[in-house]
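Hi there,

Here is the model I promised to pass on to you. Have a look at it first, and my notes on what turned up follow below.

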Amino acid sequence: MLSVLIAVPLVGAFAVYFLPRELSKVLAIGFSLVTLVIAIVVAFRYKVDGGMQLTETHDWMKQFGVHYALGVDGLGLLMVLLAAVLVPIVLIAEWPALDDPTGGGPKVYAAWALALEAFSLAVFCATDVFLFYVVFEATLIPAYFLVGSFGRPGRGRAALKFLLFQLAGGLILLAAVVGLYVASARAGTPTYLISDLAKIHIDTVTERWLFVGFFTAFAIKAPLFPVHTWLADTTEKATPGTSVLLVCVLDKIGTFGMLRFCLGLFPDASRWATPVVVALALISIVYGALLAIGQDDMLRLIGLTSLSHFGLITLGIFAFSSQGGSGAILYMINHGIGTALLFLTAGYLHRRRGTLSIRELSGQERLTPVLAGLFLVGGLATLGLPGLSTFVSEFLVLLSGFQYHWFVGAIAITAVVLAAIYVLWLYQRTFTGPASPVLEADPVASRDLGVREIAAVVPLVVGLLLFGFVPQPLLNVANPMISDLMSHVGVRDPGPTVAGATGSTNDGGGN
Amino acid sequence: MQFTQPHLEYAQLAPMLIVFGGACLGILVEALLPRGSRRVPQVVLTLLVLVVALVDTIVVGVHLDKHTDTAGQSARGLVGALGSVVVDGPTVYIWGLLLVFAIGGAALFAERRLEGGVSGFAGQAAALPGTSEEAEASRLGLEHTEVYPLLLFAVGGMLLFPASGDLLTMFVALEVLSLPLYLLCGLARRRRLLSQEAAMKYFLLGAFSSGFFLYGAALVYGYAGSMTFTGINTAVRNGAANHGLLLAGIGLLSVGLLFKVGAVPFQAWTPDVYQGAPTAVTAFMSAGTKVAAFGALLRLFYVGLDGERWSWQPMLWIVAILSMILGAVVAIAQTDVKRMLAYSSVSHTGFLLTGVLGAQSVTELAHGQYNSLVGVLVYLTAYGFSMIGAFALVTLVRDEGGEATSFTKWAGLGKRSPLVAGAFAFFLLSMAGIPLTAGFVGKWAVFTSAMSAGAWPVVVVAIASSIVAVFFYIRYVRLMFFSDAKPGEDGTVTMPSVLTSTTVVVCLAATLLLGVVPGPILNLVVGAGDFIR
């Protein structure tokens, strides 16, 4: 089942590449929709309390203890669905942009996008560390070509920077993966299966080193301060569609990995590292938001808001409470949906005005009210307006922050204020205000969204509203996984246990 | 005086005998056939000999018997030719690998379409560059068909090198493989001065390093009283007197072997020779020499000097670290693709040494874990295929001056010929160790065995230098795909004949298969077992 899920977009990538150019777009969307259908079937076959499910395990390199092993738990399932939903949306929204001949046209873009989808799905389904590592690295190749071939001038440089950062993280991860294997061999059973690795005992020093290796790689991926510098450059130069794939799908691997590997395999070391990680997360939250406020390019700005959001997700993960964990998982979904909406609508705007420099834009609201409205929904989702799904997750994460320590919560909550500033100020500067008569006469700039453009982003808006009012389905899927993880990490009930572990004077009831 | 009649295991030694016999036949062809009609028989003979040798190697490999050595450890194979040749599992695997690479090399040697109907070798090597004789030779379309027997002799030496059972045989093999290569390096048709300089440099430095090796062999003999590796091993384990003699001997032997594999600080010849030699020779040499020399290195250290592990392991740590760092860092500054590949080969040597110093003995390994021998052999396989493939592609990109090896000529190649650029990018990605390529499996295998031996500092350096290496590989990919050529600076791709294209396709397929489904090759390597001690 999961193999089929991964194989369909991969086959699609080859089909799109080798079949005639005229068919490319239709084929690509067809394949991505089939993938979505399979993902939905997977979701229906998934049992909420069943742990790791739909598993497939085959020997891959028997001599080295490597398996081709797939499976989904609650976290994996949600990530799979997110990726499967976003890819067709991106392809539909980027329909005209795909025709840009400079990078090789729709054929190349769609083929790489499908390849990226296939590898990302494999990442979320892999239950063998080696397989995970292989597909983790393999995602970089389509991503590199997507960034490097399509987008704005200077993209080649941005793509190189992106790739070097990611590969550096990947190689550090390689060292840690090799170390993990050796540690398992010392324990008597050389293996890469996560289920086996979670059982073995690793001595404290080794465990901490391995944790550092894994965490560094995921921090670069996510990204977290201070290894975030590739993010803004990449989102600025790449097409908005590519940015959606990178930030909303690919970067989730970072936080996904923290949950699955850092907490799942190195629970003691994770607790040991918590103060540092929380500090980095807080810096990312505030610093990312401040940077975002100062940006002039909209895509760069949206990219940097993600730095702030990934800081919050990381905070939720490392707060070690069930609220924090569930909130983080929810946040990963909601951030994916909300940021995708922002990126895509910004892309629409770029197609109309030819620029995304904030100081050159003004008054777009009068020209294209529907576009403005959709952008505003995305913006409000980003700042966590109650009623939109991001509110729920942000609330849960902030709550866990306060449970961890009031000080941490207090710093994290500034994100809400700062988010209001960057979103509303951005909206005010670009969409409100008078529109120049020249623009009103311009047929391109004043054309509001077409049916296709609206259809592409409507599912995102629906998702934001639906999960804003009824987050229960997502929580139902996420909670069992988180409670399993928390019991594995050794945290039973959020307040008192964490207080004991960190030695702080936290009072759970005071918040 | 007693005289025992030597008994030779002809059946097991046959692959080597076939190659050497083929080389002698090639010389007869040179002597008996008129100049114009030698090429076709030579090419056919060479390829035929190599293929037959390969088939015979497989036959030998299938029929290897169990052999139990004095220490009671069992491996497959036999000690033949009165102890001077050891045909065991690793030997047979290396033989197979070498012969495959040699077939690829021979195919590249025979390529004629790229130079407009002549081979890439000098028309008349004796004619001075720039003289009327040279012009005359190229007007007549002369070519040296001696390169084919030379290739066969080199291959023969390479086969013997990792199979040698004592230091003297190893030395002889070293010379047999080196001398034809020195000659081949100087035979380029274009840029002949560069080529001759390369040959001269390679010869002088190579001769020195052979001297070191011989001196080391003498010292070790002085210590152990035996030339055979088993004899040395026994002496080392029993702890003979004059330990200083042994240490000096190990050092000198290492100089000789590390020179051949191009490890720092003996790497100075690599870029010049790789650049100056005809690219077909570079392709063959970069893969073949490294495989053979690492085979010999492994045998020397694992069989002969296993008991002295604590003496040579720290040395290899340092050499490996230096090779990886220097190779990766200096490669960044290169502007010539052949030189870049040469420096990358230096850093690959470092990675291979990382495997050599890995965990090898049973006591260091958990049940089901493979030893470092497997890691090194897998890495060699991956490395050889991507190097031959990459150099074969270098021969295709040309301008009016011959091969266009300068970076500027490759700019924008991805737009002009996506297939060639894509294949080259794939080989580079394999060298960089990106997953789903052969290079990744190799890198990961050697890292694991080094880590198991507790050599984590070396692995950390390896990771760091991999990051540096990724930079220059990816920069080249970017150059090919995302840059535009300056007008008049663009090298074009010449359509090769089936010889070169088959080589490239086979290398591509091997690199991809070993990356995605390494199972069969791993089975083969693990099944080859250990050295006979």
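A word on naming before the details: helices (at least four residues) and strands (at least two) are DSSP runs, numbered from the N terminus. Please also keep in mind that this is a predicted model.

Next, a helix pair in chain A. Helix H14 (residues 298–318) and helix H15 (residues 322–353) pack at an angle of about 175°, and their axes are 9 Å apart. The two are therefore roughly antiparallel, as angles over 145 degrees count as such. Residues that meet across this pair include Leu299(A), Ser306(A) and His309(A) in H14(A), and Tyr331(A), His335(A) and Phe343(A) in H15(A). By class, the contact has 12 nonpolar, 8 polar and no charged residues. In the loop between H14 and H15 lies Phe320(A), a residue other than glycine with a positive phi, near 55°. Phe320(A) is buried, with 26 other C-beta atoms within 10 Å.

Chain B has a hairpin made by S2(B) and S3(B), with 4 residues between the strands; Ala81(B) in the turn has a positive phi of about 45°. The strands run antiparallel and are joined by 4 bridges, and Val79(B) has Val86(B) as its bridge partner in S3(B). From S3(B), Val85(B) and Val87(B) point one way, Val86(B) and Asp88(B) the other, and all are buried.

Where do the chains meet? The contact takes 29 residues from chain A and 28 residues from chain B. On the chain B side, helix H18 (438–452), helix H19 (456–482) and helix H21 (519–528) each give two or more residues. H19(B) gives the most, with 12 residues. That side divides into 20 nonpolar, 6 polar and 2 charged residues.

Finally, a caution. Chain A has a mean pLDDT of 84, and 94% of its residues reach 70 or more. Over residues 493–511 of chain A, however, the pLDDT is below 50. Where pLDDT is low, the predicted coordinates should not be read in detail.

Best wishes

Note on methods: Residues are numbered from 1 along each chain as its sequence is written. Chains are lettered from A and ligands numbered from 1 in the order in which they are written. This is a predicted model: local features need pLDDT of at least 70, side-chain atom pairs count only at pLDDT 80 or more; totals for chains, interfaces and linings use all residues. Two residues are in contact if their C-beta atoms, placed from the backbone, lie within 7 Å. Ala, Val, Leu, Ile, Met, Phe, Trp, Tyr, Cys and Pro count as nonpolar, Asp, Glu, Lys and Arg as charged, and the others, Gly among them, as polar. A residue is buried if 20 or more other C-beta atoms lie within 10 Å of its own, exposed if 12 or fewer, and partly exposed in between; C-beta atoms are placed from the backbone. Two strands pair if DSSP finds at least two bridges between them. Axes are lines fitted to C-alpha atoms, for helices over the stretch in contact, and angles run from 0 to 180 degrees between N-to-C directions. Angles under 35 degrees count as roughly parallel, over 145 as roughly antiparallel, 65 to 115 as roughly perpendicular and the rest as oblique. pLDDT is the predictor's confidence in each residue, from 0 to 100.
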